Amino acid sequence: MANFNLTRFEIAGRICRDLEVKMIAGIGSSVLEVRVAVRRDRGEQGKEPPTDFFTVTVYGTMAETIGKYFRKGSSIFLAGAIRTNTFETRDSQKRTATVFVADSFKFVDSKAETEALGSVSAPSDDAPRFAGGTGAPSFEPVCFDAGNEGLPF
């Protein structure tokens, strides 16, 4: 019998928070947490389908690209790995967190829809904010523990 293990996800929805690309201190890699709203296919009869919210972590140049070309309200498709991290709280309780780490994304909106949200080339009030509050990357360090499987948790 073959050993079959798969921990992948695919999420398509709308970005529901302003984006802020950060730099992982000591590593020099970018990181971005994207909060995506996904409406379920079906709801109770006569009611709107419920919406689920997912936080997806993106690293490296992909984080910078998403931070540059997407904004709150943009449609996005993200795919990647599902990971679990076990950690201990300050009061010595063990906790487990499920983390979505993207390794690919796709543009979903048409060029006209993207332009309707605002120009991607010239930052506006609705444009993604990089650390420092501007449209240009000036990164803010994030604490990182390299001994925890390479993830900043």
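Trainee: What covers the buried residues of α1?

Mentor: The cover includes β3 (29-39), β4, β5 (75-88) and β6 (94-107). Buried means under 20% relative accessible area, exposed over 50%, partly exposed in between (1.4 Å probe, protein chains only). This is a predicted model: local features need pLDDT of at least 70, side-chain atom pairs count only at pLDDT 80 or more, and totals for chains, interfaces and linings use all residues. Residues are numbered from 1 along each chain as its sequence is written, and side-chain values use heavy atoms, with hydrogens and water left out.

Trainee: Which residues of helix α1 are buried?

Mentor: In helix α1 (residues 60-69), they are Gly60, Met62, Ala63, Ile66 and Gly67. They lie on the same side of α1, because they cover an arc of only 145 degrees around the axis. The arc is that of the directions from the helix axis to the C-beta atoms.

Trainee: How many helices and strands does the protein have?

Mentor: Helices (H or I, at least four residues) and strands (E, at least two) are DSSP runs, numbered from the N terminus. Here there are two helices and seven strands. Their order from the N terminus is β-β-β-β-α-β-β-α-β. Of the 153 residues, 31% count as buried.

Trainee: Where is confidence lowest, and where highest?

Mentor: Read pLDDT, the predictor's confidence in each residue, from 0 to 100. The mean for the protein is 79, and 72% of its residues reach 70 or more. Strand β7 (residues 141-142) is lowest, at a mean of 46. Strand β4 (residues 51-59) is highest, at 96. Over residues 119-148 the pLDDT is below 50. That stretch still has 60 contacts (heavy atoms within 4.5 Å) in the model beyond near neighbours in sequence.
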